[in-house]
Amino acid sequence: MLTVDAATLDQLFASAPEIILLAFFRGDPARAEASDIAVVLPQLSQAFAGRLTPAVVAASAEPELMQRFGVRAAPSLALLRAGRTLGVIAKIQDWSVYLSRIEAMLKADGHSAQQGATP
């Protein structure tokens with residue numbers, strides 16, 4: 001799985017502006033929620049295959065990128081595209097919440113279920 005910091009994120013968006021990242025902000029790894037979301041991330045990647053690219057935000061980059069993308073709590077998942085935030089889902093949620101909120105974020109950004117967002 002891709003690990004990103006500010007520099008690699010900027011390079012990624014510059015080279016592939018159409019990519020939509022599902023970025024995982026872990027926060028304190030000792031929190032049980034962080035481990036729970038770490039398990040959910042690959043499952044979401046499969047559920048939205050071809051539409052999202054999963055990434056883990058490097059711990060050292062979390063404070064800067066949380067501020068930059070409006071992530072106020074960790075652990076969180078954020079959908080990012082071309083350097084902007086499509087939405088954030090904080091803390092652990094029911095599976096149906098992830099599916100419906102991510103689908104709504106993609107739809108609001110103009111990506112229907114039939115359209116792919118990643119190469």
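## Close-up views of a predicted model

**View 1. Pro75 sits in the loop between helix 3 (62–69) and strand 4.** Helices (H or I, at least four residues) and strands (E, at least two) are DSSP runs, numbered from the N terminus. The peptide bond that joins Ala74 and Pro75 is cis, with omega at about 5 degrees. This is a predicted model, in which local features need pLDDT of at least 70, side-chain atom pairs count only at pLDDT 80 or more, and totals for chains, interfaces and linings use all residues. Residues are numbered from 1 along each chain as its sequence is written, and side-chain values use heavy atoms, leaving out hydrogens and water.

**View 2. Helix 2 covers residues 32–47.** Which residues of helix 2 are buried? They are Ala34, Ile37, Val40, Leu41, Leu44 and Ser45. Buried means under 20% relative accessible area, exposed over 50%, and partly exposed in between (1.4 Å probe, protein chains only). An α-helix has 3.6 residues a turn, so residues three or four places apart point the same way. The cover over the buried residues of helix 2 includes strand 2 (20–25), strand 3 (53–57), strand 4 (76–81) and helix 4 (95–108), with contact meaning heavy atoms within 4.5 Å.

**View 3. Ala82 has a positive phi of about 50 degrees, although it is not a glycine.** Look for Ala82 in the loop between strand 4 and strand 5 (84–90). Ala82 counts as partly exposed because its relative accessibility is 43%.

**View 4. Lys91, a residue other than glycine, has a positive phi near 65 degrees.** You will find Lys91 in the loop between strand 5 and helix 4. With 26% relative accessibility, Lys91 counts as partly exposed.

Notes
The expected span of a helix is 1.5 Å times one less than its number of residues.
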